[in-house]
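Colleague: Before we discuss how the helices and strands are arranged, could you put the model up and take me through the reasoning behind each label?

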Amino acid sequence: MKIALIGAGAVGAYFIWGFGNADPADREFTVVADKERCEKLAKNGVKVNGKVYHPAVKSPDEAGIQDLIIMAVKGNSLDEAIKLLPPLTGENTAVISMLNGADSEEKIADAIGSEHVLHCIILIASRRANGEVVIDMDYNTTIYYGADYPVDQEKKLSVVEQAFEGTAINAVRSADIMLDIWSKYAKNICNNLPQAIIGAPAALYTRSEHGMFLADKLWAEVRMLAKLRGVELPEKTGIYECADSSRYSTLQDVDAHRRTEVDNLCGYLLEIAAENGIQVPYIEYTYHAIKAIEEKNDGMFD
């Protein structure tokens, strides 16, 4: 079985760790990247929780057709990552996307066909720090996967099961993958984004009534939009169970003066709202606040 990973960052590192500590068992695991990235990964490897891994690294043409492709890039890199897919995609190739949001599968399907695309989320606590990826193994890292529209879905779901069999990668077949995707999406909007604006860790939701007010308002707006996509989220705001000191990915990006995923996270929701003539003032404010923070970090106001 041939398995390709696109994206070797804080999420992709989980798969490098998982396959790197497992018996190969007739699996050929490859990190696929463009030429420049290939050279860097081949030279330095990927350090995860103190150990450096050197997975096979190839260009798409070198890697060839795969049985399973794992997309683990950030949302703002998805368009470039999709360009790597055609040489990797054969008639029976399955693709799973670890990206935040609810539309990465649609974009991938537009590029290579919906018959290849399964639906998936990953729940993980990981961060990049001092040249390595740190994964909190006490957190219950879990991949949930399922099928919403692909042809031969059972065959493709079994590809995922076979790929992860015998590894420490925790993958579970979902009973309702679209609900899982939108639940995580809503949690990212109401947990990640206020953190990034306030500059506070997860204690924002356990200690501050004002933090919870913001989370509640954002959750309610996402819940309203999810209904338009046929997904019924619970009324109660979803708050991640984690340490009060946890700093989620968007705040990590702000701290490091990196571009965030706010365009991908909020953009899809703003499109749905505009299409339906719905006002979502808290999502809209949150989007523009984080874009202004990015401008500040870029030195616009110096």
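Modeller: In this predicted model, the crossing of helices H11 and H12 is left-handed.

Colleague: Why is H11 called roughly antiparallel to H12?

Modeller: The two helices pack at an angle of about 155°, with their axes 10 Å apart, and because angles over 145 degrees count as roughly antiparallel, H11 is roughly antiparallel to H12.

Colleague: Which residues of H11 and H12 meet?

Modeller: On the side of H11, Val262, Asp263, Cys266, Leu269 and Leu270 meet Ile283, Glu284, Tyr287, Ile290, Lys291 and Glu294 of H12; sorted by class, this contact has seven nonpolar, no polar and four charged residues.

Colleague: What makes H9 roughly perpendicular to H12?

Modeller: The axes of H9 (residues 209–228) and H12 (residues 281–297) come within 8 Å and cross at roughly 115°, and since the range from 65 to 115 degrees counts as roughly perpendicular, that is the term for H9 against H12. Their contact is made by Phe213, Lys217, Leu218, Glu221, Val222 and Leu225 of H9, together with Pro281, Tyr282, Ile283 and Thr286 of H12.

Colleague: Turning to the sheet, what makes E5 and E7 its edge strands?

Modeller: The open sheet has five strands in the order E5-E2-E1-E6-E7, with parallel pairing, and strand E5 (56–58) and strand E7 (89–97) are the edges, as each pairs on one side only.

Colleague: How do you know that E2 and E5 pair?

Modeller: Pairing requires at least two bridges, and E2 (residues 28–32) and E5 have three bridges in the parallel sense, so they count as paired; threonine 30, for instance, has alanine 56 in E5 as its bridge partner.

Technical notes: Residues numbered from 1 in each chain as written. Predicted model: local features only at pLDDT ≥ 70, side-chain atom pairs only at ≥ 80, totals over all residues. Heavy atoms only, no water. Axes fitted to C-alpha atoms, helices over the stretch in contact; angles between N-to-C directions. Helix = DSSP H or I, 4+ residues; strand = E, 2+ residues; numbered from the N terminus. Parallel < 35°, antiparallel > 145°, perpendicular 65-115°, else oblique. Contact = heavy atoms within 4.5 Å. Left-handed = near helix turned anticlockwise from the far one by under 90°. Nonpolar A, V, L, I, M, F, W, Y, C, P; charged D, E, K, R; others polar.
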